[in-house]
Amino acid sequence: MPEQKPWDETSGAISGAGAGGAMDLAVDEGTTLEKTPGGPEGTGPAGKPRSLWSDAWRDLRRNPVFIVSGLVILFLVIISIWPSLIADQDPLNCDLAKAQEGSQPGHPFGFDGQGCDVYTRTVYGARTSVTVGVLSTLGVSLLGGVLGGLAGFFGGAWDAVLSRITDVFFGIPVVLGGLVFLSVVTSSTVWPVIGFIVLLGWPQIARIARGSVITAKQNDYVQAARALGASNSRMMLRHIMPNAIAPVIVVATIALGTYISLEATLSYLGVGLKPPAVSWGIDISAASQYVRNAPHMLLWPAGALAITVLAFIMLGDAVRDALDPKLR
């Protein structure tokens, strides 16, 4: 009797299983897949494919840059809404007898040139910066997104006119435009500054939205919806906008920190917010002439401004990395 080889045993085992054995293997494999809580990479539970947004959120939760910047921004938002949680004094309550004095018990940041508590003014200044940044970003995103999206979707004369208008706005220097526009405004509220930022900021978002919509409307699912008789509004709201809004969100998030810096710059030049408003830009401008004798007056508001702008820029970079499929 010839000697049986190892591979003969294997072949015999497989062939002996027959149709029933193959079915049992398939059943066992299917049972294993059902018990697995998560599918392969790029899929969710039960092997279902994840959407762009769920995949982006999954990446953001694992990104330490997003976590750190998000915690800083959350803290800024909380003290902007309730500054009295960490500052129990009035930012406009000043004592000239303590002007330019350094740190004291109960006043860790010292006093400014008017005898106001620097710590309290730094805390209350966050409300102005966050308010200007958030409202300006919402206004710019809404106006630029709508105009750019319509131009990209309809094209033709509407697209040509909008492109020429954006070219005109891009030719206006931002700081020079602020000096001209805000020099005639006497209000000390944030609304003139927000209006100016929206006026000069929407062309950037409009161009991003236009290009994103032009790319999205060429996809097969949009052409299929058009062939099935879907209206323009349905195609825009249900098919194009959800797939074209990601670049707008990325640019707007990064621009938010820029708008906060722009508000501080205009307030520093004396055309943005004006006293008695509390702003980091106003405090930096007032402290610049005392920087040699009392550097603490400049250090704390400037440091708070730098941390805030950096946090929003880092958040925008993390969102960009999560929403850009090319970086995966």
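The entries below cover the helix and then the rings.

Entry 1, ground rules. I am working with a predicted model, in which local features need pLDDT of at least 70 and side-chain atom pairs count only at pLDDT 80 or more, while totals for chains, interfaces and linings use all residues. Residues are numbered from 1 along each chain as its sequence is written, and side-chain values use heavy atoms, with hydrogens and water left out.

I looked up α5, residues 156–170, and found 15 residues reaching 21 Å from first C-alpha to last, close to the 21 Å expected at 1.5 Å a residue (the expected span being 1.5 Å times one less than the number of residues; helices are DSSP runs of H or I, at least four residues, numbered from the N terminus). Asp159, Leu162, Ser163 and Thr166 are buried in α5 (buried is under 20% relative accessible area, exposed over 50%, partly exposed in between, with a 1.4 Å probe and protein chains only). Seen down the axis of α5, the buried residues fall within an arc of 105°, so they line one face of the helix (the arc is taken over directions from the helix axis to the C-beta atoms). Ala157, Arg164 and Val168, on the other side of α5, are exposed.

I searched the whole structure and noted six aromatic pairs (rings of Phe, Tyr and Trp, the last by its six-membered ring, with centres within 6.5 Å; planes under 30 degrees apart are stacked, over 60 edge-to-face, the rest tilted). One of them joins Trp57 and Phe66 edge-to-face, at 6.1 Å centre to centre and 90° between the planes; Trp57 is partly exposed at 44%, whereas Phe66 is buried at 17%.

Methods:
Helix = DSSP H or I, 4+ residues; strand = E, 2+ residues; numbered from the N terminus.
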